[in-house]
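Keep the viewer open as you read.

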Amino acid sequence: MKDNNGKKGITAILLVLIVLILGTAGFLVYRVVEGRVTPMDVFSATNSKDASMTESGLADMESSGAALSDTSADEAASGVTGSGAALSGTASGAASSSNAAADTTKSASTTASAPAPTTAATPTPTPDPVSQQSVNDISIQDLSQYRSEMPADGQEIVGTSTSAYTYEQMVKDLYFLSVRYPGLMTYDSLGVTADQRSIMEAVIGNPQASRHIVVQYSIHAREYINSLLAMRQLETYLENVSGGGTFNGRTYTDLFSNVCIHLLPMANPDGVTVSESGLAGLRRERMQQIVHWCWESDTGLGRTSQPIEQYLKTFKANANGVDLNKNFDIGWSGYTDGVPVPSTDCYKGGAAASEPETQAILKAVESNPTVCVIAYHSSGDTIYWNYGTSGDILESDRYLAESVRNLTGYALSNSKKYDHTLAGGCADYFVWAKGIPSITIETGTGNCPLDISKFAHIWDKNKEVLPLLASMYGS
Ligand SMILES: [Zn+2]
């Protein structure tokens, strides 16, 4: 009896232990499925280290506003990569943009080459409420309803009272400019972002020309002062072409008669909105959750110690937490030292060109015979060029870089070639993959976002870049 009782006691203890183990395991699975495992949990469990905070090779002088450390990420957990890819793939799937680059958008299934995550940190507990078909940017529908807000004749349309030039204001101003200057410009949407904003382009010059130029601004969210620059450049062009203005002795009409310029004034409208207006500016709860998750994750990784309000002000990525200037298919797969999950920067995305913003830029360039690409960033008063090319491409890139240098007075800097520590950016991609002369212009000085007090200097340096490009490529 005594032995028998002893066995029963041991059996009872074993049963209790089994129940405890199963219960704990079940709770953990529930937490993971519900997305309640925090990035802290995931990263402490996988022993991930911080990632390099080196800015793009094109933008080494861009100051990092966040309190970020710069230890290497060689040991970043592969399991976390899987979860990041899954997140990005799902989110970018909400975008309706499709173009030549779309076949590289394979989303999560093809990017999960890393081992399956053991503790998937799903930041979005709710299903995606927006289907691919229903994505639509309501803010560009029927812009004529804003007609009464249009500045009176004689007043400039693009105001410079604040550097926080919003997406909504940009859309209205594009409409107003098209009303004031009929036949001299068009605007269009190149795609729709995850948070349902249109990636707008304005087209000036001769759309039938054999040479096209693409200029994109604010691919990094907190560098939004360049969206204001873009719109001021556009309005100034329109004033000059309609008023008989000249550049270097030639009229604007003559300069632009044989060239077409595509301006993407706000290539990352979701990110700009985060940087300007915080989470409340985002339209979809899912995107608010993802950006909030980025802050938790970057905090857990030791990449930031900022409170969320400040973190959002210095945000660089898009609403999927993808650093768009590391999402181009140049050195993409070899770039392994970035952040393996959505973040304010250095997360390259689930696949090359996975993001609708990247696809929009590709579409603008590849839909036309493009001979020059300009990528505007901040800050540094510097032009990055020379990505390691040679021969004719190097010389045509030199011609572009030196011409813009001579106009702006900005310094010339050699860009670092992409490697495992550095993904290629937009300009690297077009030089290397397409043989198109491309440079990165870093405007202004100081930490981003730059205050409006910096704009006069930026404007002074860049007000004639568009007519310069027309004079170089339009004849
Ligand atoms: Zn930048």
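Predicted model: local features only at pLDDT ≥ 70, side-chain atom pairs only at ≥ 80, totals over all residues.

Gln196 sits in the loop between β1 (185-192) and β2 (198-205). Although not a glycine, Gln196 has a positive phi of about 70°.

Is Asn248 buried or exposed? Asn248 is exposed, because 9 other C-beta atoms lie within 10 Å, and 12 or fewer count as exposed. Asn248 is found in the loop between β4 (246-247) and β5 (250-251). Its phi is positive too, at about 50°, although Asn248 is not a glycine.

Ser379 belongs to the loop between β7 (370-378) and β8 (382-385).

A cis bond also links Cys448 to Pro449, with omega near 0°. Pro449 lies in the loop between β10 (438-443) and α14.

## The largest nonpolar core

The largest nonpolar core has 111 residues, and the members that touch the most others are Ile213, Ile261, Cys372, Val373 and Ile439. Which element gives this core its largest share? That is α6, with nine residues.

Setting aside neighbours within four places in sequence, the contacts of Cys372 are Ile213, Leu400, Ile436, Pro437, Leu469 and Tyr473.

## A mostly covered helix

How many of the nine residues of helix α8 (residues 269-277) are buried? Eight of them are, so the helix is mostly covered, with 20 or more other C-beta atoms within 10 Å as the mark of a buried residue. The buried residues of α8 are Pro269, Asp270, Gly271, Val272, Thr273, Val274, Ser275 and Glu276.

The cover over these buried residues includes α5 (167-180), β2, α6, α9 (285-300) and α10 (308-313). After α8 comes Gly278, with a positive phi near 75°.

## Where α6 meets α14

Two packed helices are described by the angle between their axes and the distance between the axes. For helix α6 (residues 225-243) and helix α14 (residues 455-462), the angle is about 45° and the axes are 11 Å apart. The two helices α6 and α14 are therefore oblique to each other, and their crossing is right-handed.

On the α6 side, the contact is made by Ile225, Leu228, Leu229 and Arg232, and on the α14 side by Phe455, Ile458, Trp459 and Asn462. Sorted by class, the contact of α6 with α14 has six nonpolar residues, one polar and one charged. An α-helix has 3.6 residues a turn, so residues three or four places apart point the same way.

## Where α12 meets α15

What is the crossing angle of helix α12 (residues 391-408) and helix α15 (residues 465-473)? The axes of α12 and α15 cross at roughly 140° and come within 11 Å. That angle makes α12 oblique to α15, and α12 passes α15 in a right-handed crossing.

Ser403, Val404 and Leu407 of α12 make the contact together with Val465, Leu468 and Met472 of α15. By class, the contact of α12 with α15 has five nonpolar residues, one polar and no charged ones.

Definitions and conventions:
Residues numbered from 1 in each chain as written. Axes fitted to C-alpha atoms, helices over the stretch in contact; angles between N-to-C directions. Helix = DSSP H or I, 4+ residues; strand = E, 2+ residues; numbered from the N terminus. Parallel < 35°, antiparallel > 145°, perpendicular 65-115°, else oblique. Left-handed = near helix turned anticlockwise from the far one by under 90°. Contact = placed C-beta atoms within 7 Å. Nonpolar A, V, L, I, M, F, W, Y, C, P; charged D, E, K, R; others polar. Core = buried A, V, L, I, M, F, W, Y, C linked by C-beta atoms within 7 Å.
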